[in-house]
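Biologist: I would like to learn how to read a few features of a protein model. Could you walk me through them?

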Amino acid sequence: MPLFRRKKASENDNNPTTSNPTPDEKEEEEDKNNTKKVNAKKAKKAKSKNKWSCVDSCCWFVGCVCTVWWFLLFLYNAMPASFPQYVTEAITGPLPDPPGVKLLKEGLRAKHPVVFVPGIVTGGLELWEGHQCAEGLFRKRLWGGTFGEVYKRPLCWVEHMSLDNETGLDPPGIRVRPVSGLVAADYFAPGYFVWAVLIANLARIGYEEKSMYMAAYDWRISFQNTEVRDQTLSRIKSNIELMVATNGGNKAVIIPHSMGVLYFLHFMKWVEAPAPMGGGGGPDWCARHIKAVMNIGGPFLGVPKAVSGLFSAEARDIAVARSIAPSVLDNDLFGDFGLQTLQHVMKMTRTWDSTMSMIPKGGDTIWGGLDWSPEEGYVPSKRKQRNQGPPVSGQNETETMACEAKAVSYGRIISFGKDVAEAHSSEIKRIDFRVMHQGAIKGNNVANNTCRDVWTEYHDMGVGGIKAVAEYKAYTAGDILDLLHFVAPKLMARVSAHFSYGIADDLADPKYKHYKYWSNPLETKLPNAPDMEIFSMYGVGIPTERSYVYRLTPSSDCYIPFQIDTSANGGDEDSCLKGGVFTVEGDETVPVLSAGYMCAKGWRGKTRFNPSGIRTFIREYDHAPPANLLEGRGTQSGAHVDIMGNFALIEDVIKVAAGATGEDLGGDQVYTDIFKWSEKINLPL
């Protein structure tokens with residue numbers, strides 16, 4: 001056996017012609033190899049092209065959106081101005097003339113000067129002095145407009161929008177003031193009108209800025225403090241006097257909206273009262289200067305929505321959003337800022353004293369008790385219109401649909417648990433938090449010290465205090481003030497000097513001359529102005545928050561311990577209870593009971609609240625949502641803010657401004673059972 005095995009010859013070795021390739025053959029072989037490499041690279045490249053990544057998809061999507069957007073923008077700018085209206089009319093049919101155009105053709109012209117009184121949150125606020133974090137924002141809007149600063153510097157924005165928690169006025173080094181002029185509340189944000197549509201229609205019959213005045217004020221502070229800090233009430237008085245004098249002596253038509261209704265109630269008492277507390281105009285000032293007060297969406301007797309906002313910084317829409325995505329509102333909405341959104345909202349809004357003006361007034365007498373309420377057994381449904389005042393025997397009344405299977409006690413504005421909301425009061429075992437020993441409540445804080453920059457009074461209540469609130473089970477309107485004194489003592493310590501929520505026993509009592517009673521229609525008299533008219537104008541046909549089912553949240557750092565229980569629902573589609581909220585008839589914000597009671601009964605005829613017999617009218621506007629997107633927010637909307645673009649309401653306003661009376665409009669226009677509900681309220685008149 002050989003030590004070395006012979007290597008097997010290759011094919012090239014056996015082939016004499018290829019064993020020693022020529023230079024040309026070598027070059028040809030290299031070309032073949034290069035060609036193979038190039039083909040392999042191409043194949044690899046083609047294979048990689050076929051592989052689609054998420055980045056590619058995103059880039060293509062963004063590119064397509066931008067291309068389409070710029071193309072549509074080009075077409076929009078290139079098309080004739082009448083083309084959008086042509087397309088809309090081609091789809092929906094001919095559009096009706098705007099109210100101003102229609103009434104101009106009928107011969108109406110500007111006559112009485114008009115004063116607008118905006119409500120809460122709709123008026124713009126701008127910065128006049130701020131801290132270093134607000135550098136560059138001098139006279140820029142912090143409220144209204146684009147709200148850009150909320151996203152750029154949220155904590156700085158919250159700091160500047162908050163008021164001093166002890167005084168209810170400006171914090172040191174900060175001055176935020178209302179925007180002046182019609183632009184203060186014509187649009188709340190770009191494209192979202194408030195007063196703009198009404199102003200435009202009034203302009204069509206001849207109104208100008210000299211005959212229209214926006215009574216802008218800082219809606220965050222108490223009504224009397226707007227005079228103390230800004231002399232706003234004096235400015236309103238002077239402007240009305242000037243407008244009446246420069247318009248041929250024609251009295252002014254006042255148009256308040258939402259909280260502006262309460263603000264103007266305060267003004268009418270202030271202007272009559274002697275200085276220094278009042279404006280010194282004398283008891284006949286309103287009779288000499290005001291033709292009519294046309295209140296739009298007025299929360300005369302308050303709104304339950306204000307209770308839930310102060311109690312847990314939420315309402316129905318926020319509660320639903322919170323249940324869908326709890327981390328968005330409860331944790332870090334602003335990412336790296338670590339901002340506890342609802343906690344900051346609560347801390348900020350509890351410095352706004354004006355919110356307390358909308359707490360339900362009249363207690364259980366108006367809003368009902370544990371086992372009754374004026375609206376009990378009613379659910380919004382299709383209705384027949386009923387005109388001309390209270391129902392009489394044999395008259396067609398509104399069609400309603402009753403919850404007969406499960407009677408709803410709307411009087412329980414807050415109930416802890418669905419079972420508590422539906423049980424008879426005799427079955428509810430309550431422990432009164434008001435008589436518990438203070439030492440047993442405080443202590444055992446639910447949050448640690450790291451939360452103090454965002455926490456509210458709940459931090460100081462401790463676990464015992466929080467449980468005490470829940471163990472009271474059910475709260476009526478008569479309990480709400482005690483509840484707020486317990487959970488928000490700093491707020492209540494301030495506002496107790498500015499607002500009152502009771503019912504006057506004797507309006508001749510000198511105590512009712514104090515300004516704290518002036519915005520409560522149940523504790524003050526209307527002016528001595530028999531020729532003046534008062535209108536209550538509001539939308540109906542939209543489920544509106546009336547009472548709430550709450551639950552305790554698990555003890556955790558920085559959490560608000562109470563939440564609307566969105567899992568609480570009724571048994572069928574027609575149930576009054578959905579998402580933890582009981583609803584009644586209203587405009588989505590103000591229940592009909594609050595908007596309509598005073599004009600339906602409390603002020604109707606000569607009563608102790610209306611000794612001069614000022615005529616009152618109810619004008620309800622049945623809600624009809626827009627038929628398609630081309631109609632925007634709709635011309636027949638009854639929603640609390642969208643009603644400002646309701647053509648029927650605008651027509652009524654223009655007619656009165658042009659000289660018409662309530663009788664000329666047709667008197668009352670009623671769709672709901674407001675007169676029937678008013679009769680259930682046992683209030684001496």
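**Disulfide and helix packing**

Modeller: Gladly. The structure holds one disulfide, and keep in mind that this is a predicted model.

Biologist: Which cysteines does the disulfide join?

Modeller: A pair of cysteine sulfur atoms counts as a disulfide when they lie within 2.5 Å. Here C133 is joined to C156, with an S to S distance of 2.1 Å. The two cysteines come from distant parts of the chain, 23 residues apart: C133 sits in the loop between β2 (125-129) and β3 (141-143), and C156 in helix α7 (residues 154-161).

Biologist: Why is the disulfide of C133 and C156 right-handed?

Modeller: Look at the torsion about the S-S bond: it is about 80 degrees, so the disulfide is right-handed.

Biologist: Is C156 buried or exposed?

Modeller: Buried means under 20% relative accessible area. C156 has 9%, so C156 is buried. C133, at 31%, counts as partly exposed. Two further cysteines, C286 at 0% and C576 at 4%, count as buried.

Biologist: Now, how do I read a pair of packed helices?

Modeller: Two packed helices are described by the angle between their axes and the distance between the axes. Take α8 (residues 196-204) and α24 (residues 647-657): their axes come within 10 Å and cross at roughly 45 degrees. The two helices are therefore oblique to each other, and their crossing is right-handed.

Biologist: Which residues of α8 and α24 meet?

Modeller: From α8, V197, L198, N201 and L202 meet I650, V653, I654 and A657 of α24. This contact divides into seven nonpolar residues, one polar and no charged.

Conventions
Residues are numbered from 1 along each chain as its sequence is written. This is a predicted model: local features need pLDDT of at least 70, side-chain atom pairs count only at pLDDT 80 or more; totals for chains, interfaces and linings use all residues. Side-chain values use heavy atoms; hydrogens and water are left out. Axes are lines fitted to C-alpha atoms, for helices over the stretch in contact, and angles run from 0 to 180 degrees between N-to-C directions. Helices (H or I, at least four residues) and strands (E, at least two) are DSSP runs, numbered from the N terminus. Angles under 35 degrees count as roughly parallel, over 145 as roughly antiparallel, 65 to 115 as roughly perpendicular and the rest as oblique. A crossing is left-handed if the near helix is turned anticlockwise from the far one by less than a right angle, and right-handed if clockwise. Contact means heavy atoms within 4.5 Å. Ala, Val, Leu, Ile, Met, Phe, Trp, Tyr, Cys and Pro count as nonpolar, Asp, Glu, Lys and Arg as charged, and the others, Gly among them, as polar. Buried means under 20% relative accessible area, exposed over 50%, partly exposed in between (1.4 Å probe, protein chains only).
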